[in-house]
Amino acid sequence: MIFAVLIPLVFALLVPLLSKVKNKVHTGIFVLLIPLGIFLYFVRFIGNDFSPVRHTYNWIPSLGINFDFYLDGLSLLFVLLISGIGTLVVFYSIYYLHVSERLAHFYVYLLMFMSAMLGVVLSDNVFVLYSFWELTSISSFLLIGYWHHRERSRYGAQKSMLITVFGGLSMLGGLILLSVITGTTSIRGMIDQVDLIINNNYLPLILGLILLGAFTKSAQFPFHIWLPDAMEAPTPVSAYLHSATMVKAGIYLVARFLPIFVAFEWFYITVSLVGIVTLVWGSYMAVRQTDLKGILAFSTISQLGMIMAMLGFGTEAAIFAAVFHILNHATFKGSLFMIAGIIDHETGTRDIRKLGGLFTIMPISGTLAVFGTFSMAGVPFPFLNGFYSKELFFEATTKLSDQANGLASFLSTAIPYLAVFGSIFTFVYSMYLFFGVFTGPKKFDLFKKKPHEAPIGMLISPLILILGVIIIGLFPNIANSSLLAHATGGIMNSPMEPYHVHYWHGFDSIAFQMSLIVVGLGIVLFLTRKKWSNIYHVLPGKLSFNKVYDKLIQKIDDVSTRVTNAYMTGSIKLYMSIILVAIIVATFTIMLTTGGLSNISFDDLAEVSAVDIAVVIIMVLAALATIFVNDKLALIIITGIVGFGISILFVIFRAPDLALTQLVVETVSMALFLLAYYHLPELRKREETLQTSTANTIIAVGMGLLVTLTGFAAHSADWFNKISDYFVETAYKLGGGHNIVNVILVDMRGLDTLFEIAVLGIAALAIYGLIKLRNKEAE
């Protein structure tokens, strides 16, 4: 499985090379093979006899962090969506993106995202999962901002990054607490210790932190505001990230940790409430939009809210309905995003106010849109998959009242009504989307392009997805026993018998009656939309979470600017003073609070001779002389005395290799000072105020005292075994050398030394480049 997860990243390295021939062969044709191959690899796991598969690859075993990949029914469903929809999106992008675009950038970002999503849904190790989780945020930031020359694209990318990364960091806190409590980094291991977690006092905090990560990633209320702005991304990105994959990462997270939290009443209250509010608000706001992708964005928010609510219910029927709707939503929403892209591509506008009468010009796209929008609306036709999962949702809402008390009981009573209310607006925006675009008067004079049907290549991907809508609608149990039952069992952490889906339950079915209410009231509201649409001036009116976000970001930026300008004055002296004061305060605080100064002793010290004292006195006098000397040459020589004095001390204390190193360093330093002698500034006595001089004295004395006491404390500390003993015992055995210092530098700290050399090399190249640049400017 590790190859399936990482091969998109590896192939991404080749994409820039393949893009060089994009004028002959579109880069997407090469990329298409990756998701297709992954899909074909995993599709073979579908079957009634499927059982979970686990693979482990060592990464950082000392910290319990390894690539532990776990494939069960839940992760299999998501992997198939990621790779299957990914294949269709890449194929669609071949016709959507012209070769003049930056195709290498686009496909590198897309492959990064694909790899990250596969890692999220397959990882059993919580810290590996988090690593892939944040990679989805980074890659989606790049994809949303793909057209970076557009201000709105940059704004949407930044917004999505800030909100989702904030949630990701919160989630990390929850995962760390879980790993500390359970003593494992494995999700399966945590699920096996449910009782320990449920009885822990930190359970509410853990739940809150993890749900923050899930809610921000899946655009739940009130964190939904990033998703509509993310629609500035190219349509293939919207069809992939914002209908089938990224926005469902939060859904996956809640589903994966559901066995741990489902027994906690506040899980039901929080997840169900947030989900149902998101459903209502998203569907209500979708009717207000005029941009096709804006309508679909709020539609996605609404549908994600419905799935999240069903996970919050926690019943077996609700979990199956959620899994079923995850599959159905990917089919009809992915196709609708692609159709919206086709309309934009062929007419030059996504503004629904300028569209109309397109069915006669684009009959194939219009026909596909009929199935997509009516399925999304939950219209009770037996060939639309959306109706089945919507009816299962209604059925699940009617079976909650027996579960809880207090606030949970009130919520259980209110949820069915809120579900119907939100679904009515879902019906309205679905009809608004289809009839507003494909019927009514023709407005072709408002288009930037002469409209025509899309090329067949661009229609294949949405056509395949609509075929999925129809096939699942005609045969709703086609994937139950082979896929959906395993996915539901993966969430419930127990095997589950296939759930049989029926189209007709009779007029006595409460769920069917709820569907009829939705359709009836939905038709009335759709036909009278212009008469009641002024309600949006009242709710939300001037209230907007986007305005809150913008003001918050502006406030943070203003405060940051003021704080930064307070100390970023251009004074190197001030910068050094701040750094030194911070070091003094932080180190002394830690030493005092941890008892670092309480056990200072002077045992086991080398004898001090008169020669040692004489060398130290010379060094001290030289150091003090640097304060009063105003001649540059004299200052260089006096500074060298201090360095050469240290070399003499190394010789006295029998460390000739260190003495030689110090001699070389000091000689080179003096040589460099002398080489730059001409360019050194003239020294002059500073006229400092008494306040400044006092501050300088305090900092200097404090830093000197800190270094001295640190040396004493380090000598006296007995908290750990001395690492020197380890080096003495293993230097020859591991490094093959009797000189312990050399072995440490070359073998024990080999990588550290290598990076130090690399840093020096980079600095040298930078200096060389600056000199060359200056010479060219002079010429």
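**Entry 1: Thr182**

I began with Thr182. Leaving aside neighbours within four places in sequence, I found Thr182 in contact with Met190, Gln193, Leu196 and Ile197. Contact here means heavy atoms within 4.5 Å. The model is predicted, so local features need pLDDT of at least 70, side-chain atom pairs count only at pLDDT 80 or more, and totals for chains, interfaces and linings use all residues. Residues are numbered from 1 along each chain as its sequence is written, and side-chain values use heavy atoms, with hydrogens and water left out.

I placed Thr182 in helix α8 (residues 151-182). Helices (H or I, at least four residues) and strands (E, at least two) are DSSP runs, numbered from the N terminus. Is Thr182 buried or exposed? Thr182 is buried, because its relative accessible area is 9%. The cut-offs are under 20% for buried and over 50% for exposed, with partly exposed in between (1.4 Å probe, protein chains only). I also noted that the Thr182 side chain reaches the backbone oxygen of Leu178 at 2.7 Å.

**Entry 2: the whole chain**

I counted 33 helices and two strands in the chain. Along its principal axes the C-alpha trace spans about 105 × 70 × 55 Å. The chain has 779 residues, and 49% of them count as buried. I then looked at contacts with a separation of 6 or more: residues 24 or more positions apart account for 79% of them.

**Entry 3: salt bridges**

Side chains of opposite charge can pair when their charged atoms come close. I used this rule for a salt bridge: a side-chain nitrogen of Lys or Arg within 4 Å of a carboxyl oxygen of Asp or Glu. How many salt bridges does the structure hold? It holds nine.

I looked up Arg54 and Asp124, whose side chains meet in a salt bridge (2.7 Å, N to O). Arg54 is in strand β1 (residues 53-60), and Asp124 is in the loop between α6 (103-122) and α7 (126-144), 70 residues apart. Arg54 is partly exposed at 39% relative accessibility, whereas Asp124 is buried at 2%.

Next came Asp72 and Arg256, with a salt bridge at 2.8 Å, N to O. Asp72 lies in the loop between β2 (65-71) and α5, and Arg256 lies in helix α14, so the pair ties together parts 184 residues apart in sequence. Asp72 is buried at 4%, and Arg256 is buried at 3%.

I also noted a network of salt bridges that links Arg152, Lys159 and Asp229.

**Entry 4: aromatic rings**

Rings of Phe, Tyr and Trp (its six-membered ring) pair if their centres lie within 6.5 Å; planes under 30 degrees apart count as stacked, over 60 as edge-to-face and the rest as tilted. By this rule I get 42 aromatic pairs. Why is the pair of Phe78 and Tyr252 edge-to-face? The ring centres are 5.3 Å apart and the planes stand at 75°, so the pair is edge-to-face. Phe78 sits in helix α5 (residues 73-96) and Tyr252 in helix α14 (residues 249-261), 174 residues apart. Phe78 is buried, with a relative accessible area of 1%. Tyr252 is buried, also with 1%.

I found one aromatic cluster whose members include Phe221, Trp281, Tyr284 and Phe421.

Notes
Polar contact = N/O pair within 3.5 Å; in protein donor to acceptor, adjacent residues only side chain to side chain.
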